[in-house]
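Here are a few exercises to work through with the model open beside you. Try each task before reading its solution.

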Amino acid sequence: MSEVKTHLRTCNICEAMCGLEITYQDKQIIAIKGDKKDPFSHGHMCPKAQALQDFYEDKDRLKYPIKKTANGWQEISWQQAYKEIADKINTIQGQFGKNATAVYLGNPNAHNLGNAIFLKPFLKQLGTINRFSSASTDQMPHHVASNYMLGAGMLIPVPDIDRTDFMLIIGGNPVVSNGSMMTAPGVLNRLQSIKKRGGKVVVIDPKRTKTAKAASQHLFIRPEKDAFLLMALIQQVYATNNVNLRHLAEHVKGLDELGELSQFYSPENVADYIGISAQEIKQLAREMIQAKSAVCYSRMGASTQSFGGICQWLTIALNVITGNFDREGGAMFPQPAFDLLRGHQPGQPTSFGRYNSRVHNLPFFNGEFPVATLADEITTAGDGQIKALFTIAGNPVLSTPSGQHLAKAFEQLDYMVCIDIYLNETTKHADIILPATTGIENSHYDIFFNSFSVRNTAKYSAPLFEKDENQKADWEILQELANALTGSEKDIYTPEMILDMELRKGPYGETGMSLEKLIDNPHGIDIGPLKPCLKQRILTQDGKINLAPDLYLTDLPRLQSVLTRPARDEDYPFELISRRLVKSHNSWTQNSARLVKGRNPVTLEIHPNDATALGLEQGQMVKVNSAVGSVQLPVDITNDVLAGVVTMPQGWGHNQDDTNMSIAATQPGVSINDLTHASRIDNLTGNAALNGTPVAITPVLSSEFASSM
């Protein structure tokens with residue numbers, strides 16, 4: 001046996017970018033723990049990091065291409081796989097056009113250096129506008145707001161959590177997610193520090209989450225009502241004459257328009273509808289106005305809903321008018337070493353609405369269409385119908401609305417290729433699966449989440465273990481597929497070549513930033529806290545923040561109209577929202593035995609009053625029905641959820657009885673997206689409205705449960 005060694009890297013499973021210290025011997029991992037010398041995470045590590053070892057060692061993980069045949073799945077060579085794929089795709093595109101092929105990109109692509117760099121040229125080679133991703137079930141409202149208010153979809157304001165005195169969290173659970181559009185490892189410690197220095201943390205959420213329990217105050221709110229609260233807070237800033245733009249006074253427009261349209265949304269007008277009293281709303285506004293520094297952070301609950309676009313617009317606007325934008329302790333802007341905005345010019349035409357989806361007329365933005373329309377784009381005949389599909393590191397059958405409807409749509413495809421490490425609910429529909437190396441077999445530099453980070457740092461991780469001779473990294477697969485499609489051999493570039501170039505040309509290149517410098521500093525480099533920089537980074541044509549873009553003003557009548565609608569649906573009287581678990585990130589993590597062991601977390605949380613009215617007892621099985629589907633799971637009776645609201649975890653569903661799937665038999669849980677409807681979207685951005693799904697709940701009789709097993 002060789003000596004025990006230590007490997008330093010950044011975890012690439014979730015947003016937090018935790019530094020890891022991995023001890024190993026030969027090709028066997030001994031332990032994974034937090035790197036105390038990492039300048040960003042300081043030794044923090046969540047349980048998900050252990051899954052890096054599990055993915056590497058997993059007997060279910062695919063390592064070589066497999067093809068579906070009449071006799072089941074068969075292993076084939078890379079050369080055969082590329083040739084068959086190229087022949088089939090070229091034939092389909094030759095007959096039906098470039099747009100007959102589509103691509104779906106899953107969440108892990110955002111945490112993959114190779115894919116972050118090489119997906120763009122691969123997509124360009126395919127030549128299709130039919131691109132979809134997990135972003136439109138997650139974060140598209142953030143990008144649209146930044147695009148229309150600040151001039152670029154990736155110019156995302158980030159809470160300066162380490163220096164703020166008042167933090168208002170709407171629909172976010174960063175203690176569990178480690179941030180989410182706010183990359184911040186060890187959020188619990190950061191929130192506790194706010195309170196220790198005399199500050200305050202307030203959480204607005206229909207569920208008393210782990211973040212809410214760590215906060216100074218928690219207020220329940222009805223699902224999908226966050227925009228009304230934000231409007232009321234803005235109305236109070238104007239009504240009390242406390243608009244304060246500070247150093248941005250000459251760089252803001254639309255101030256009067258925002259004030260006028262907010263007048264209708266007084267605390268008194270919205271209080272009963274949202275479930276927060278007028279007095280409490282006014283107090284929140286006073287505290288935010290009077291704090292030395294303050295920031296409003298709204299996330300999943302405010303984004304993945306019917307008014308997600310309006311919520312993210314108003315969140316930025318509230319931070320601006322209270323004097324907490326581009327300022328220490330407020331909403332600030334990272335300046336990453338690999339700057340995704342490098343080369344962008346002010347006033348570049350927006351891609352929002354450049355195209356509209358064929359079936360539902362949903363807007364194209366950020367290089368993609370909303371995934372809510374994908375199934376119907378496959379099943380609806382006519383010019384532009386999707387005939388072939390690539391999925392890359394994604395399991396949309398579990399992670400997108402109307403998952404079972406999408407699964408049936410996949411059965412109608414002429415051809416399907418999946419780049420993925422597992423045979424799962426999505427990839428089982430493929431004709432060929434191409435498995436890539438994963439996690440510790442890959443090099444890593446987090447391009448995207450340094451752009452959302454609460455501190456400027458930079459860190460490169462080399463591969464821990466070399467891949468087997470016949471294995472390929474994602475970026476190699478993408479390059480070789482592109483070459484096969486064209487029948488030509490192009491020069492081979494590596495992720496490291498592109499990374500080094502961008503680091504040298506980035507904002508710290510003149511100070512010696514380079515790949516070599518990162519290699520010489522394996523714990524990472526601390527560049528420093530966020531600094532005011534918006535005047536230099538804003539990309540609107542006139543250099544001003546637009547507080548009242550027409551896109552949002554025309555959507556306001558839709559918001560106002562719901563104030564007159566019945567609060568509850570008689571057929572589906574409960575509102576379903578998702579919840580996140582600290583040991584779960586996406587469907588891959590359910591294949592880690594250590595992350596799924598123990599008490600079953602896939603339960604339906606319900607308020608005691610609702611449970612009593614339905615005659616339910618703790619742990620009893622119930623059937624949850626929506627307009628599109630039905631699932632069965634045990635109830636968890638708790639005061640941590642608002643009456644009339646029920647919650648389920650996201651990312652689960654490996655319960656399908658299918659011998660073609662390697663992971664079906666051992667994983668628990670049902671999918672929340674068997675209940676969500678693809679037609680429930682934010683009309684403005686096209687983002688899926690996963691929260692607030694109307695559902696009905698009925699007890700499951702013992703005989704009924706037994707027959708379903």
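**Exercise 1. Are Phe122 and Phe390 buried or exposed, and how are their rings arranged?**

Solution. Start with accessibility: in this predicted model, Phe122 and Phe390 are both buried. Next, take the ring geometry. The ring centres of Phe122 and Phe390 are 5.7 Å apart, and their planes stand at 85 degrees. An angle over 60 counts as edge-to-face, so that is the label for this pair.

**Exercise 2. Classify the ring pair of Phe264 and Tyr265, and the accessibility of each residue.**

Solution. The centres are 5.1 Å apart and the planes are at 90 degrees, so Phe264 and Tyr265 form an edge-to-face pair. For accessibility, the cut-offs are under 20% for buried and over 50% for exposed. Phe264 has 35% relative accessibility, so it counts as partly exposed. Tyr265, with a relative accessible area of 2%, is buried.

**Exercise 3. Which residues are linked into a cluster by ring pairs?**

Solution. Look for Phe132, Tyr355, Phe364 and Phe369: ring pairs join them into a cluster.

**Exercise 4. Describe how helix α8 packs with helix α13.**

Solution. Begin with the axes: α8 (residues 226-239) and α13 (residues 308-321) pack at about 25 degrees, with their axes 9 Å apart. Angles under 35 degrees count as roughly parallel, so α8 is roughly parallel to α13. The crossing of α8 past α13 is left-handed. Now list the contact: α8 contributes residues including Leu230, Leu233, Ile234 and Val237, while those from α13 include Ile310, Trp313, Leu314 and Leu318. Sorting the residues of this contact by type gives 14 nonpolar, one polar and one charged.

**Exercise 5. Where do Asn178 and Asn241 lie, and is each buried or exposed?**

Solution. Take Asn178 first. Its phi is near 60 degrees, a positive value in a residue other than glycine. Asn178 sits in the loop between α5 (174-177) and α6 (187-196), and its relative accessible area of 2% makes it buried. Turn to Asn241, which is not a glycine either and has a positive phi of about 55 degrees. Asn241 is found in the loop between α8 and β12 (252-253). With a relative accessible area of 70%, Asn241 is exposed.

Conventions:
Residues are numbered from 1 along each chain as its sequence is written. This is a predicted model: local features need pLDDT of at least 70, side-chain atom pairs count only at pLDDT 80 or more; totals for chains, interfaces and linings use all residues. Side-chain values use heavy atoms; hydrogens and water are left out. Axes are lines fitted to C-alpha atoms, for helices over the stretch in contact, and angles run from 0 to 180 degrees between N-to-C directions. Helices (H or I, at least four residues) and strands (E, at least two) are DSSP runs, numbered from the N terminus. Angles under 35 degrees count as roughly parallel, over 145 as roughly antiparallel, 65 to 115 as roughly perpendicular and the rest as oblique. A crossing is left-handed if the near helix is turned anticlockwise from the far one by less than a right angle, and right-handed if clockwise. Contact means heavy atoms within 4.5 Å. Ala, Val, Leu, Ile, Met, Phe, Trp, Tyr, Cys and Pro count as nonpolar, Asp, Glu, Lys and Arg as charged, and the others, Gly among them, as polar. Rings of Phe, Tyr and Trp (its six-membered ring) pair if their centres lie within 6.5 Å; planes under 30 degrees apart count as stacked, over 60 as edge-to-face and the rest as tilted. Buried means under 20% relative accessible area, exposed over 50%, partly exposed in between (1.4 Å probe, protein chains only).
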